[in-house]
Amino acid sequence: MSRTFDIAVTGAGIVGAACALEFAQEGLRVAVIERDTVAGGATGAAMGHIVVMDDSPAQFALTTFAQSLWSELAPALPASAEYYRPGTIWIASDDSEMAEVRRKYDAFTSTGIPCQLLDSAALAEVEPNLRRPLPGGLLVTNDAVLHPQRAAEYLISAAQQLGAQLITGHAVTTASHSRMSLDNGEILHAAHIINAAGALAPSITSGIPVRKRKGHLILTDPYPGYARHQLVELGYLRSAHASEADSVAFNVQPRLSGHLLIGSSRQYGNDDPALDQHILDAMLERAAFFLPGLPALKTVRSWTGFRAATPDKLPLIGPTEDSTVLLATGHEGLGITTSLATARLLADHLLGRPSAIPIDPYLPARITSLQETP
Ligand SMILES: Cc1cc2nc3c(=O)[nH]c(=O)nc-3n(C[C@H](O)[C@H](O)[C@H](O)COP(=O)(O)OP(=O)(O)OC[C@H]3O[C@@H](n4cnc5c(N)ncnc54)[C@H](O)[C@@H]3O)c2cc1C
């Protein structure tokens, strides 16, 4: 059997789902091939923090653009996607981190990102369950939270309503030169193929510098109001940047449902999805440092997922040497945030439209230099 499409997307995580909707909205014939279920990969394991990050100008441009796209989409999202905007508080635990809070404040305000400096008393007032005293923090008011799995399901179903075809339960085995083969023997032809297979993307496009980076999350019973914002320690950035060592950082998210999600951990070189008790213990210990009452809360579930990490911490978005195959992977811990922007950049690129931000920093053309990075 053989079918023909304009766009064939591998993977129905949030990135593949966003691509499917973006291209279906352009009236193109879209197929999405998912070996498992919609959002069964990293998307289903993620926190769903829609966050502006400024580790690099390219990361800042992508996350800012992405956040504006989520704001535009928000009215269309179903209630089950639990989208809301509690804002993020970046918490300083010492004076040097407070200096970083001030730097972030200056950088964000100078580029129009709404935020507020909180001194020690103001922080304690807006988040009474935090330990006292803490030096202060930065409240970034537009940051949002959503249920990633429900959001991805919405994107896929919106794409299907526009004619996109979803094929689940079958893996893509090869994809090149406008031809995709599935593990049931089916061949799909498509003018363009998008590899949105997350951490498994190298199994379809060999040689791309994407590595699995394991993460754990812990869910509590509902405690409405226990935390009023997404609470992240500034040390989270150190954890996200840590080169090879295992790391944990305090990151707590109040879901619209009242549940708290406690993160987060990062591990390279551990491809086993099983829970690592010592990592969970370290996460809870770190969380209890910032929220001393937290050990009394009831936790109900823990799980792991695999981020798709690149050496320069930027995603791979755009054509490969085989110009019929495009990458949409390598989003590490920001793929929920940047999914919509990834899809828009790819569509702008393929349709020859101007983009809101340049695609250049994310193009796979930089792979050769990445591979030379020690
Ligand atoms: C613990 C944790 C917390 C996170 N928190 C956040 C957060 O708060 N905010 C944020 O922005 N990001 C967060 N992330 C990152 C985010 O989850 C990912 O960046 C994002 O989900 C990537 O989406 P994706 O669609 O590229 O990949 P995935 O969701 O992994 O989807 C890829 C899909 O491709 C399918 N697939 C793979 N190979 C094949 C094949 N050969 N054939 C067919 N299908 C295939 C897989 O089954 C999978 O469904 C977190 C990640 C983790 C692990």
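## Ligand site and fold

Domain 1 (2-48 + 148-208 + 312-372) and domain 2 (85-142 + 211-309) both give residues to the shell around the ligand, so the ligand lies between them; the domain bounds come from an automatic or database domain assignment. The model is predicted: local features need pLDDT of at least 70, side-chain atom pairs count only at pLDDT 80 or more, and totals for chains, interfaces and linings use all residues. Residues are numbered from 1 along each chain as its sequence is written.

Among the 41 residues around the ligand, Gly11, Gly13, Gly41, Gly198 and Gly335 come nearest (near: C-beta atom, placed from the backbone, within 6 Å). The shell divides as follows.

| Class | Members of the class | Residues in the shell |
|---|---|---|
| Nonpolar | Ala, Val, Leu, Ile, Met, Phe, Trp, Tyr, Cys, Pro | 18 |
| Polar | the others, Gly among them | 19 |
| Charged | Asp, Glu, Lys, Arg | four |

Helix α6 (residues 148-161) has 14 residues, which at 1.5 Å a residue should span 20 Å, and its end C-alpha atoms are 20 Å apart, which agrees; the expected span is 1.5 Å times one less than the number of residues. Just after α6, Gly163 takes a positive phi of about 105°.

The protein has ten helices and 18 strands, taken as DSSP runs (helices H or I, at least four residues; strands E, at least two) numbered from the N terminus. The C-alpha atoms fill a box of roughly 65 × 45 × 40 Å, taken along the principal axes.
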